[in-house]
Amino acid sequence: MNMQGELQLGADELAVQRWRADFPILQTCVHGKPLVYLDNAATTQKPLAVIEAEDRYYRHDNSNVHRGVHSLSQRATDAFEAARVKVQRLLNAASPNEIVFVRGTTEAINLVAQSYGRSRLREGDEIIVSGLEHHSNIVPWQMLCQQVGAKLRVIPVNDAGELKLEAYERLFGPHTRMVALAHVSNALGTVVPVKAMTDIAHAHDVPVLLDGAQAIAHVPVDVQALDCDFYAFSSHKLYGPMGVGVLYGKAELLNAMPPYQGGGDMIRSVSFEHTEYNVLPFKFEAGTPNVAGVIGLGAAIDYLSAIGFEAIAAHEHALLVYATRAVEQIPGLRLIGTAHDKTGILSFVLKDAHAHDVGTILDHQGIAIRTGHHCAMPLMERFGVPATARASFALYNTRREADALVAGLEKVVELFNT
Ligand code: C6P
């Protein structure tokens with residue numbers, strides 16, 4: 001983490017207070033205490049702009065997309081496709097046709113594993129993943145391995161929670177067919193040097209999928225600059241609705257891949273003898289999509305663009321530095337994940353107190369954090385812990401909330417020492 005003299009907040013407190021006012025849930029109480037929401041890596045809260053966009057759609061435009069000639073359907077289709085262009089611009093993809101709407105990061109990765117992976121991989125082939133992965137970027141590849149007889153190779157993690165890059169290079173061999181990496185670790189916050197790692201994979205003619213679930217709201221993502229082949233993220237971690245996600249894929253690859261699911265909208269023509277598939281991106285969008293959710297995602301992108309991603313990242317980084325220094329002073333607290341380059345995630349264990357107890361005690365003070373293995377069990381095992389407590393920051397969190405976390409943890413320590 002870059003700690004050089006960055007104690008002042010990246011955005012002033014007034015700006016943060018203005019941003020906070022956009023999120024109705026932040027004005028509520030839990031157990032009679034003002035909500036301190038520090039579980040943003042699990043899901044972010046939604047600004048009014050997103051809530052109202054969904055509400056407006058259902059009140060005025062609700063209709064199926066790509067199917068009707070009537071006005072409502074056309075309005076719904078226009079709004080849906082406009083959101084695709086917003087995602088294209090957010091990722092700097094070359095074309096909106098490279099943006100496939102899915103249910104979330106999990107579905108995006110399963111799509112690539114089952115469509116790209118199943119059609120291309122054979123017995124003895126190898127897939128490289130890292131020791132930092134969320135189960136969503138392990139299990140789909142494991143399932144593929146079982147189906148085709150391929151093997152997983154795993155990049156080891158150092159004591160700071162960073163990937164060992166020399167070991168990564170050594171994993172490549174004549175049978176390597178795919179690299180699948182988290183852009184940011186959900187459990188530790190480590191930012192993975194995905195550009196350099198993608199270049200290494202490409203030097204071996206191996207495509208790269210990046211799991212951007214924890215990156216999309218916190219670090220700049222430019223898929224053309226990264227040159228990744230696939231990029232997956234979930235709307236709900238980007239202040240948008242749940243049940244919507246995005247798979248970016250290079251058009252050349254997506255065009256060559258077989259469909260993942262069959263059904264309406266993904267076809268051009270169907271007879272009992274033969275089906276001709278639709279063009280991109282519809283080939284991968286079988287069935288009625290979550291239209292309201294996609295429109296809400298578009299509203300989230302507009303909202304964040306108006307604030308500015310750089311301002312958000314600077315604010316979250318300053319908060320991470322501030323909170324890290326404070327929690328390090330708590331007796332018996334061990335931070336898990338001390339990478340040089342981190343997003344606003346603090347994962348830790350407290351001596352004598354189980355993570356779930358920490359979470360429950362904090363909840364009674366109105367503070368929401370996540371506790372457990374964070375769907376990253378191999379990573380927990382790497383650090384020799386069954387679970388951690390994880391506080392994760394978003395654009396609306398304040399220093400005062402970081403102070404509340406520290407005070408809450410001091411209370412936990414006190415309770416367990418008496
Ligand atoms: N991580 C967390 O608390 P879905 O569920 O499909 O929206 O996202 C899955 C996923 C994939 N990759 C990473 C890196 C993730 O962090 C997540 C979701 C949440 O850490 C819920 S387990």
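User: Where does proline 281 lie?
Analyst: Proline 281 lies in the loop between β12 (275–277) and α10 (291–307). Helices (H or I, at least four residues) and strands (E, at least two) are DSSP runs, numbered from the N terminus.

User: What kind of model is this?
Analyst: It is a predicted model, where local features need pLDDT of at least 70 and side-chain atom pairs count only at pLDDT 80 or more, while totals for chains, interfaces and linings use all residues. Residues are numbered from 1 along each chain as its sequence is written, and side-chain values use heavy atoms, with hydrogens and water left out.

User: Back to proline 281. What kind of peptide bond joins it to leucine 280?
Analyst: A cis one. Omega is about -5° for the bond between leucine 280 and proline 281.

User: Is aspartate 352 buried or exposed?
Analyst: Aspartate 352 counts as exposed, because its relative accessibility is 57%. The cut-offs: buried is under 20% relative accessible area, exposed is over 50%, and partly exposed is in between (1.4 Å probe, protein chains only).

User: And tyrosine 239, buried or exposed?
Analyst: Buried, at a relative accessible area of 0%.

User: OK, aromatics. How many aromatic pairs are there?
Analyst: The structure holds eight aromatic pairs. Rings of Phe, Tyr and Trp (its six-membered ring) pair if their centres lie within 6.5 Å. Planes under 30 degrees apart count as stacked, over 60 as edge-to-face and the rest as tilted.

User: Why is the pair of phenylalanine 23 and tyrosine 396 edge-to-face?
Analyst: Their planes are at 65°, so the pair is edge-to-face. The ring centres are 4.7 Å apart.

User: Where do those two sit in the chain?
Analyst: In distant parts of it, 373 residues apart. Phenylalanine 23 is in the loop between α1 (13–21) and β1 (29–30). Tyrosine 396 is in the loop between β17 (388–392) and α14 (399–417). Both phenylalanine 23 and tyrosine 396 are buried.

User: What about tyrosine 239 and tyrosine 396?
Analyst: Their planes are at 90°, so this pair is edge-to-face. The centres lie 6.0 Å apart. The pair links distant parts of the chain, 157 residues apart.

User: Which residues form the cluster with them?
Analyst: Phe23, Tyr239, Tyr303 and Tyr396 form one aromatic cluster.

User: Which charged end sits over the ring of phenylalanine 383?
Analyst: That of arginine 382, at 4.9 Å from the ring centre. Arginine 399 lies over the face of tyrosine 322, at 4.6 Å from the ring centre. A charge sits over a ring if NZ of Lys or CZ of Arg is within 6 Å of the ring centre and within 35 degrees of the ring normal.

User: Where is alanine 402, and how far from tyrosine 322?
Analyst: Alanine 402 lies in helix α14. Its C-alpha and that of tyrosine 322 are separated by 7.9 Å. Along the chain these residues are 80 residues apart. Alanine 402 is buried, with a relative accessible area of 1%.

User: New topic, the ligand. Which residues come nearest?
Analyst: Thr106, Asp211, Gln214, Ser234 and Arg370, out of 17 residues around the ligand. A residue is near a molecule or strand if one of its heavy atoms lies within 4 Å of it.

User: How do the shell residues divide?
Analyst: Into four nonpolar, nine polar and four charged. Ala, Val, Leu, Ile, Met, Phe, Trp, Tyr, Cys and Pro count as nonpolar, Asp, Glu, Lys and Arg as charged, and the others, Gly among them, as polar.

User: Last one. Where is asparagine 97?
Analyst: Asparagine 97 is in the loop between α3 (71–91) and β4 (99–102). It is partly exposed, with a relative accessible area of 37%.
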